[in-house]
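Let us take a friendly walk through this structure, one contact at a time. Here it is to look at as you read.

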Amino acid sequence: MNEPTEDLDAARAEAERRGVGNYERHIFLCVGPDCSSVDEGAAAWSRLKTGVAKLNGSTDSGRIYRTKVGCLRVCTEGPVALVYPEGTWYGGLHPGALDRIIAEDLGEGNVVTDLQIGSNRLPR
């Protein structure tokens, strides 16, 4: 196995600054281009960032973490998202639908069943 070529202290410090280890929820949002257009993905990401920042009270830290990904391998009816720890998969996240995920799932912890396309809670 290869040894790290650089000291990881800077990455550890940034992870700590970002609150890694203290999150209650984590949403991964696929921004396309296969499940949705690049423009739709960019608009969804911008909307998610704003909505999560409002829930967190900050753009840099809080109880909810968000990650932009290029592919969740469900390449239809996007944007597609995955929310942990429940492992809820969502599709068709156009503006109004994404607003519901932000408010109902991320904000209140309730699965939005009519937008849910799958479920995969990870074992402990």
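Is Arg63 buried, partly exposed or exposed? Arg63 counts as partly exposed, at 27% relative accessibility; buried means under 20% relative accessible area, exposed over 50%, and partly exposed in between, with a 1.4 Å probe and protein chains only. Before going on, note that this is a predicted model, where local features need pLDDT of at least 70, side-chain atom pairs count only at pLDDT 80 or more, and totals for chains, interfaces and linings use all residues. Residues are numbered from 1 along each chain as its sequence is written, and side-chain values use heavy atoms, leaving out hydrogens and water.

Now to the salt bridges (a side-chain nitrogen of Lys or Arg within 4 Å of a carboxyl oxygen of Asp or Glu). The structure holds 9 of these salt bridges. In one of them, Arg63 meets Glu24 at 3.6 Å, N to O. Arg63 lies in the loop between helix H2 (38–56) and strand S2 (64–69), and Glu24 in the loop between helix H1 (9–17) and S1, so the pair ties together parts 39 residues apart in sequence. Helices (H or I, at least four residues) and strands (E, at least two) are DSSP runs, numbered from the N terminus.

Another salt bridge joins Arg47 to Asp99, with the closest N and O atoms 2.7 Å apart. Because Arg47 lies in helix H2 and Asp99 in helix H3 (residues 95–107), this pair ties together parts 52 residues apart in sequence. Arg47 is partly exposed at 34%, and Asp99 is partly exposed at 32%.
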